[in-house]
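Trainee: I would like a close look at a single part of this model. Please keep to one place and what surrounds it.

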Amino acid sequence: MIDLSAFKGIIFDMDGTLVDSMAAHIEAWRLACEEFGYPFDSDFQYSLGGVPSLATVDMMNHRYGKNYSPKNVAAFKQRAYEGLSHTPTLIQSTLAVFNYYKSIMPIAIGTGSDKKHAKWVLSKHGILAHLSALVTADDVNEGKPHPETFLKAAETMGIAPKDCVVFEDTEMGRQAAVDGGMTCILVENGHIQA
């Protein structure tokens, strides 16, 4: 087991880090791009993992010279996601860390997903009841790569940012953790890079 004894709290990103749902999110973004006439770039969409949907649409508008309503595009993407026949599964490497440390130190989730979706996924897998904090896109003014999500998670747990370790699967998330004064461990394709 990875040694996290130097820390007092753990923060996991959700999608792509603890929960294997990124493929479904990318497919929902593909459908939204098709609907609104954005070029679809799966690598670009994946790089925005953890960024709230409204901010993702702002970035897409900027990148592609569009001016669509972030609220309308994000709502379409959410409906597309909910219409896909999939059940997110857990990523075993990070689940093992979660299960090992859940009785040793506080654990939080810091996600760009909305609260309703996050609670549904985390409840379905029995994780929600073991959390000390859950910070979603609905709880912050600035999404990743801004550090607010992780800083709020640390504050809710009552732990200084320097004493927290963040598990993340995207560069945007890593940047948010580092800018928040936290150590970040990357998860790539379900494997912890430590």
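Trainee: Which residues in H3 meet which residues in H4?

Mentor: The model is predicted. On the H3 side the contact is made by Ser 53, Leu 54, Val 57 and Asp 58, and on the H4 side by Pro 70, Lys 71, Val 73, Ala 74 and Lys 77. By class, five of these residues are nonpolar, one is polar and three are charged. H3 covers residues 53-64 and H4 covers residues 70-83. Their axes come within 8 Å and cross at roughly 115°, and the crossing of H3 and H4 is right-handed.

H3 also takes part in an aromatic pair. Tyr 64 in helix H3 is paired with Phe 44 in helix H2 (residues 42-47), 20 residues apart, and the pair links distant parts of the chain. The ring centres of Phe 44 and Tyr 64 are 6.3 Å apart and the planes stand at 85°; because an angle over 60 counts as edge-to-face, the pair falls in that class. Both Phe 44 and Tyr 64 are buried. The whole structure holds eight aromatic pairs.

Another of the edge-to-face pairs is formed by Tyr 100 and Tyr 101, with centres 4.8 Å apart and planes at 75°.

Notes:
Residues numbered from 1 in each chain as written. Predicted model: local features only at pLDDT ≥ 70, side-chain atom pairs only at ≥ 80, totals over all residues. Heavy atoms only, no water. Axes fitted to C-alpha atoms, helices over the stretch in contact; angles between N-to-C directions. Helix = DSSP H or I, 4+ residues; strand = E, 2+ residues; numbered from the N terminus. Left-handed = near helix turned anticlockwise from the far one by under 90°. Contact = heavy atoms within 4.5 Å. Nonpolar A, V, L, I, M, F, W, Y, C, P; charged D, E, K, R; others polar. Phe/Tyr/Trp six-rings, centres within 6.5 Å; stacked < 30°, edge-to-face > 60°. Buried < 20%, exposed > 50% of the residue type's maximum accessible area, 1.4 Å probe, protein only.
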